[in-house]
Amino acid sequence: MIQDTLVRLVADAVAAAAPDLGLDASDLPPPEISRPRQKEHGDWSTNVALVLASRAGKPPRAVAEAVAARLAGADVIRDVEVAGPGFINFFLDRSWLDDALREILSEGDRYGRVPPLGQRVQVEFVSANPTGPLHVGTARNAAIGDSLANLLEAAGFDVEREYYFNDAGRQFDLFGESVEARYLQRFGVPAEVPQDGYQGDYVADIATDIAAEVGDSLVQGDPAERRARMIREAVERTVAGIHRTLERFNVRIDTWFSEVTLHQTGAIDDAVRRLRDAGFAYDSEGAIFFASTRFGDDKDRVLIRSNGAPTYFAADCAYVLDKAGRGFDRLVYVWGADHHGSVKRLEAAAQALGVRATVEVVLYQLVSFLRAGQPAKMSRRAGDFISLDELLDEVGSDAARYTLLTRSSDSPLDFDIELVTRQSMDNPVYYVQYAHARVASLLRMALQEGIVPLSPDDVPIGRLVEDGELELVRKLTEFPEVVALAGEILAPHRLTRYAEEVAAAFHRFYSECRVITEDRALTEARLALATAAKTVVATALSMLGVSAPESMERVDGAQEGDRVGRDVV
RNA sequence: GCGCCGGUAGCUCAGCGGAUAGAGCGGCUGCCUUCUAAGCAGCGGGUCGCAGGUUCGAGUCCUGCCCGGCGCACCA
C-alpha cells in the first residue's frame, strides 16, 4: 500500500538528514503518515519534522526542509511541500489511485481484511441468564459483540465467540421453581409461583411444553428429582430459544458455556485453592475473601460465602482460568455499563491467577427503548417486557443492528422503535443499503446491454477524471485503515460511520456521472468503480451483520413528496 | 462520599495529539422526458461544560470544579 511506500521514503530521508540535524540515526521513531483533512495539504502528509524538531534543537520548518530535500524521487510523488508549522505534504500522481482501485477489484471481498496473525482471541458476549427469552436490553450487547468478533477476524485474529450462561444460583433456582409450579398447575396440583419468581407467560409455555413431552410422570415422583429435572428441561428450552433469536439477529455463537459445569467439575474450588496458594485468599467471618485490593480494587471480594456457597465472582475466577487454559491471547468481555464495578475485580483475579492473556472489557452504555418518544416499559420479572424477537418482528434485524452500532459504545443510545422503522435518513441503514442496491441494479442493466465486467488489469481506469469519481476511489482506499483502527480500539461504530461516508461518495458519483453510456470504455471504467464501491459497502455491512440487498423496491405507489419517511413527523 | 461514562451546531451524535472542528435530522433554495429522488447540489447555524496545566500544537492528554447517566452486596 501507498502508506508503506511513503513511510519507507520518509524514514530514509530522515536517516539521511540525521547527521546534519544532529540526530542519532539509530534511534528514530517510525514516521507517521496521515491523510490531511484539507485537500490543499496534499494527498498524504507527515509530521516527522514537528516531532523531531525539539530533539534536533532546530525550528520545525528547518527540519522539514532538510528532510524534504533528501526525499528520493519516486514516480508516484508529483510534488512535495513544506507547509504550516512544519508539515511535509505529498501530492501524488493519480496512478496511486489507479493502483488502489485495481487492488480493490482484484481482492474483491478480501479487500480490507488482513492475513491471519496466528493469534487467538475470544469474544464473550450476550451471556444473558437463560431464565427466559432474550429481551431487548441485550440487543446492543449482541450487536457489539458479534460485530467486534467480525472486525477482529478481519484484523487477522482467530476468533471464538462464546456465550456464558448462568444456570446456577438463586435467580436460576427461582426460575426452576416457577416452571415447576406452572407444570404442577397443569395437572391440577396446587402450587404457587414463588413471590419473587418469574411470572411471565413464557414460563407457563415452557411448563406446557415440558408437560407435553413427559406427561404427568413428574407430578408424583421425588420433589428434589423433579426440581432438578425441571431446571434441566427449562434451561434446554430457553437456551434453544435464545439460539434461535440470535440466529435471526445474524449473531453467531461458537461455544455455549454453562456456569454449572464450573461447579460440577470442581473448577471453582480449584480457582479458590489457587488464589489461596498464591496468598491472595484468606478466611474472615466464616467466608473466604479474595484480596483484590492488592490489585487496586476498592475492597476485598467474597469468594465463598459463610454459608459455604460460592459467589458469582468465584465462578468468574474459575471461568477466566478456564478461558486462559484454552490458549487465547486476548479475552474480550462485552458488558453493560451497569457492570463496570466488576471490571477491577475481574482484572485483579486474572492477574492473581497468573492469566497471561490480556483481559479487555468493552463497556457499553445502556439503551433506552422508546416508542414515538415515549419510554417503552420493560421489566422482565413482571413478564411485561419487549423481547428481542418482538423488536426483530417490528423493525427487522438489519435496521436494529445498524442502529445499535451507530454510536460509540460510551454513548447512551435512544432507540426509538417507531423511528427505526421509518425509511428515511433518521435511519441511515437504508441510505447505505441503497448504495449497494443501486450498483447491483447498474450491473444487471449493463449485463442486459451485453457489458460484462473486465478483469481488473483491463479496466480503462484512466477514463475516470471527474471529482466525484476520484473522491469515491479515495474514500474506498480508506477501508483497510478503518477496519484496522476499529478492530484495534474495539469500536464497531467506526465502521458504521465509514459505511455512510462511502455511500455518500457513491451517491454523489452516481448523480454526477452517468454510468451506462454510449462510450464503451467510459462505461467500463465507471462500472468497475461502482463495483468496487459495491464490494466495500457489502464487506462493511457484513462486518456489521447487516445484509447488502441486490435491490430495494421503491415504496409503493408513492408520488414525489409522499414517499415514506419524507413527510412523517 | 468513591468509581466508570458522557457534556461538541436548534436536536441526535462523529471526531487515531495536528493545519480552517464534521455528519445526519430540522429550516431555507434549487435538481427527476435519461442507469432506483430511500438520491444530489447549495445556504444558514459553534465561547467543543468551566478554570488551570502539559505540548511546537489540545475538542482530543493531566488536575480541579459544575451538570447528567450508571454503579458501589456474603445479588446475578
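Mentor: Start with α17 and α20, which are oblique to each other because their axes, 8 Å apart, pack at an angle of about 45°. Bear in mind that this is a predicted model.
Trainee: Which residues do the helices cover?
Mentor: Helix α17 is residues 429-448, and helix α20 is residues 493-512.
Trainee: Is the crossing of α17 and α20 left-handed or right-handed?
Mentor: Left-handed.
Trainee: And which residues make the contact?
Mentor: From α17, they are Y431, V432, Y434, A435, R438, V439 and L442. α20 contributes A499, E500, A503, A504, F506, H507 and Y510.
Trainee: How does that contact of α17 with α20 divide by class?
Mentor: There are 11 nonpolar residues, one polar and two charged.
Trainee: OK, another pair. What about α2 and α3, at what angle do they cross?
Mentor: Roughly 110°, with the axes of α2 (residues 48-56) and α3 (residues 60-69) coming within 8 Å. That angle falls between 65 and 115 degrees, so α2 counts as roughly perpendicular to α3.
Trainee: Which hand?
Mentor: The crossing of α2 and α3 is right-handed.
Trainee: What meets what there?
Mentor: A49, L50, A53 and A56 in α2 meet P60, V63 and A64 in α3. By class, this contact has seven nonpolar residues, with no polar and no charged ones.
Trainee: One more pair, α4 and α18. How do their axes sit?
Mentor: The axes of α4 (residues 95-107) and α18 (residues 467-476) cross at roughly 60° and come within 10 Å. That makes α4 oblique to α18. The crossing is left-handed.
Trainee: And the side of it that touches?
Mentor: W96, L97, L101 and I104 of α4 are in contact with L470, V473, R474 and L476 of α18. Seven of these residues are nonpolar, none is polar and one is charged.
Trainee: Changing topic: what volume does the largest pocket have?
Mentor: About 990 Å³. It is lined by 33 residues, and the closest to its centre are V126, S127, G336, D338 and H339.

How values were computed:
Residues are numbered from 1 along each chain as its sequence is written. Chains are lettered from A and ligands numbered from 1 in the order in which they are written. This is a predicted model: local features need pLDDT of at least 70, side-chain atom pairs count only at pLDDT 80 or more; totals for chains, interfaces and linings use all residues. Side-chain values use heavy atoms; hydrogens and water are left out. On a 1 Å grid over the protein atoms alone, a cavity is a set of points where a 1.4 Å probe fits but cannot get out, and a pocket is an open set with protein on both sides within 12 Å along at least five of seven lines; lining residues have an atom within 4 Å of a point. Grid points are joined across faces, edges and corners, and a volume is the space filled by probe spheres set on the points. Axes are lines fitted to C-alpha atoms, for helices over the stretch in contact, and angles run from 0 to 180 degrees between N-to-C directions. Helices (H or I, at least four residues) and strands (E, at least two) are DSSP runs, numbered from the N terminus. Angles under 35 degrees count as roughly parallel, over 145 as roughly antiparallel, 65 to 115 as roughly perpendicular and the rest as oblique. A crossing is left-handed if the near helix is turned anticlockwise from the far one by less than a right angle, and right-handed if clockwise. Contact means heavy atoms within 4.5 Å. Ala, Val, Leu, Ile, Met, Phe, Trp, Tyr, Cys and Pro count as nonpolar, Asp, Glu, Lys and Arg as charged, and the others, Gly among them, as polar.
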